[in-house]
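Please open the structure in a viewer and keep the selection tool at hand.

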Amino acid sequence: RSWVQVFGAGEYEGMMEKYSMPPERIELNEFGIDTSFWTPNGRMGGKGQYILAVGNCGRRDYGLLIKVAERMGGHFKIVSSQKPRCEIPPNVEMVRDRSFFREEISDIELRELYRGALCVVVPLIQTEQPSGQSVSLQAMACGTPVILTTTLGLWSRNLLVSWKNIVLVDVGNADQLEEAIKQLQRDNQLRCDIAKRAYELVCSTWTIDKFSERVVQMMHRVQNSV
């Protein structure tokens, strides 16, 4: 008797297979964000000096990112309620979060971190859930290029195109992640091009208005079916 909306293509396919739900009772509604708040503020292309990672989900692979940070050097920042199990090297800064401080970082502060980063890395373990979706969309809307792990839960396989509007890397591949970061560091124009196309894609496709409209449409269908 359930009516279900899921946020990603992989999650949708997995639920259809596992639960044999009637197709009219489950649908894909890719997540949306407030593009009037998450904005580039005139900056585009990740012109900052640090590499940023954000997220509290248990599917984040911060151990992999820290391994890459140790090899590369440079400045890395991680905003998370997770405390990494491995030793944190001096070049990795743990930004204020629930693990180390009483208050979480505010959305306004997080927006400035996105805007000030060279790129945002979303490292993931394998999962069917669309993990990293909100962080990726927020960073893209702020005009900062995103490096995202390709998992079974990638929420849009058709629209997310590696090295066009995002950079996709394989699960657990430290060498690939390191090379992706280095390539973005080297090529200012590439960063700007990816960031611009990502920003345009989010604003045309993944807004909170479009997302909420689809929620309301399903509610009406449920109501009419009773």
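Begin by selecting residues 50-54, strand β3, together with residues 75-79, strand β4: the two strands run parallel and are joined by five bridges. The model is a predicted one. Within this pair, Y50 stands opposite H75 of β4, and V54 stands opposite V79 of β4.

Remain with β3 and display its side chains.

Next, select residues 107-116, which form helix α3. This helix lies across β3, β4 and β6, and it runs at about 140° to β3.

Now widen the selection to the whole sheet. In what order do its strands follow one another? The sheet is open and has six strands, in the order β5-β4-β3-β6-β7-β8, with parallel pairing. At the edges are β5 (92-94) and β8, each of which pairs on one side only. On average, and with direction ignored, neighbouring strands of the sheet are turned by 25° against each other.

The next stop is helix α6, residues 188-205. At 1.5 Å a residue, its 18 residues should span 26 Å, and the distance of 26 Å between its end C-alpha atoms agrees with this. Colour L190, R191, I194, A195, A198, L201 and V202, which are the buried residues in α6. Viewed down the axis of α6, the buried residues fall within an arc of 130°, so they line one face of the helix. An α-helix has 3.6 residues a turn, so residues three or four places apart point the same way.

Then move to the start of α6 and select D187 and Q189. Here a side-chain oxygen of D187 comes within 3.2 Å of the backbone nitrogen of Q189.

The tour continues in the loops. Most residues other than glycine have a negative phi. Select N41, in the loop between β2 (26-28) and β3; its phi is positive, near 60°, although the residue is not glycine. Is N41 buried or exposed? Its relative accessibility is 56%, and because this is over the 50% cut-off, N41 counts as exposed.

Select W163 next, in the loop between β7 (146-149) and β8. W163 is another residue other than glycine with a positive phi, here near 70°. With a relative accessible area of 30%, W163 is partly exposed.

Finally, select G8, which is found in the loop between β1 (4-6) and α1 (9-19). G8 is buried, and its relative accessible area is 0%. Which residues does G8 touch, not counting those up to four places away in sequence? They are L28, P130 and W155. To end the tour, draw a distance from the C-alpha atom of G8 to that of R43: these residues are 35 residues apart along the chain, and the two atoms are separated by 29 Å.

Definitions and conventions
Residues are numbered from 1 along each chain as its sequence is written. This is a predicted model: local features need pLDDT of at least 70, side-chain atom pairs count only at pLDDT 80 or more; totals for chains, interfaces and linings use all residues. Side-chain values use heavy atoms; hydrogens and water are left out. Helices (H or I, at least four residues) and strands (E, at least two) are DSSP runs, numbered from the N terminus. The expected span of a helix is 1.5 Å times one less than its number of residues. Buried means under 20% relative accessible area, exposed over 50%, partly exposed in between (1.4 Å probe, protein chains only). The arc is that of the directions from the helix axis to the C-beta atoms. A polar contact is a pair of N or O atoms within 3.5 Å; within protein, one must be able to donate a hydrogen and the other to accept it, and residues adjacent in sequence count only if both atoms are side-chain atoms. Two strands pair if DSSP finds at least two bridges between them. Axes are lines fitted to C-alpha atoms, for helices over the stretch in contact, and angles run from 0 to 180 degrees between N-to-C directions. Contact means heavy atoms within 4.5 Å.
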